Amino acid sequence: MSIQEVCACEGVSRQWLVSIVEHEIVRPVAGSEVEEWLFDIGSVAWARKAIRLRRDLELDWVAVAMVVDLLQQQERLQQENRSLQQRLQRFLLED
């Protein structure tokens, strides 16, 4: 999605999306200039969460970036835990 499409879908200004990228909450998958930025669906989902945190909890962008980082870590750990549990189940069934 282009920056214009993301801003229109999420109802935010261009500056908000630039702030989200500047705080490394999401990264464009393509484009070196702001007007050329393209975002994948995963980045748009994280941008949506960041926007909600900013609006609903009135956090500044630094705090939003920290919360999003923690949420992403939690998501990775949950995926890793599910994978390890599946491997353990297979291992236990083999014996």
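This briefing covers the helices, selected loop residues and one annotated span of the structure above. The model is predicted: local features require pLDDT of at least 70, side-chain atom pairs count only at pLDDT 80 or more, and totals for chains, interfaces and linings use all residues. Residues are numbered from 1 along each chain as its sequence is written, and side-chain values use heavy atoms, with hydrogens and water left out. Helices are DSSP runs (H or I, at least four residues), numbered from the N terminus.

**Packing of H1 and H2**

- Helix H1 covers residues 3-10, and helix H2 covers residues 14-22.
- The axes of H1 and H2 lie 9 Å apart and meet at an angle of about 110 degrees; axes are lines fitted to C-alpha atoms, for helices over the stretch in contact, and angles run from 0 to 180 degrees between N-to-C directions.
- H1 and H2 are therefore roughly perpendicular to each other, a class that spans 65 to 115 degrees.
- On the H1 side, Ile3, Val6 and Cys7 meet Arg14, Leu17 and Val18 of H2, where contact means heavy atoms within 4.5 Å.
- The residues of this contact divide into five nonpolar, no polar and one charged; Ala, Val, Leu, Ile, Met, Phe, Trp, Tyr, Cys and Pro count as nonpolar, Asp, Glu, Lys and Arg as charged, and the others, Gly among them, as polar.

**Burial in H2**

- Leu17, Val18, Ser19, Ile20 and Val21 of H2 are buried. Buried means under 20% relative accessible area, exposed over 50%, and partly exposed in between (1.4 Å probe, protein chains only).
- The cover over the buried residues of H2 includes H1, H3 and H4.

**The segment before H1**

- Ser2 is located in the segment before H1 and counts as buried because its relative accessibility is 16%.
- The side chains of Ser2 and Gln4 form a polar contact at 3.2 Å. Such a contact is a pair of N or O atoms within 3.5 Å; within protein, one must be able to donate a hydrogen and the other to accept it, and residues adjacent in sequence count only if both atoms are side-chain atoms.
- Not counting residues up to four places away in sequence, Ser2 touches Trp37 and Leu38.

- Glu24 follows H2 and has a positive phi of about 55 degrees although it is not a glycine.
- With 55% relative accessibility, Glu24 counts as exposed.
- Gly31 belongs to the loop between H2 and H3 (41-57) and, at 38% relative accessibility, counts as partly exposed.
- Leaving aside neighbours within four places in sequence, Gly31 contacts Glu36 and Trp37.
- The C-alpha atoms of Gly31 and Glu10 are separated by 20 Å, with the two residues 21 residues apart along the chain.
- Val34 also has its place in the loop between H2 and H3, and its 22% relative accessibility makes Val34 partly exposed.
- Leaving aside neighbours within four places in sequence, Val34 is in contact with Ile3, Arg14 and Val18.

**The loop between H3 and H4, and the annotated span**

- Glu58 lies in the loop between H3 and H4 (61-94); phi of Glu58 is positive, near 55 degrees, in a residue other than glycine.
- Glu58 counts as exposed at 72% relative accessibility.
- An unreviewed UniProt entry lists residues 67-94 as "coiled-coil region"; UniProt positions are given in the numbering used here, feature names are shortened, and annotations may be inferred rather than shown by experiment.
- Residues 67-94 are 100% helix and 0% strand, and the end C-alpha atoms of this span lie 41 Å apart.

Key:
Helix = DSSP H or I, 4+ residues; strand = E, 2+ residues; numbered from the N terminus. Parallel < 35°, antiparallel > 145°, perpendicular 65-115°, else oblique.
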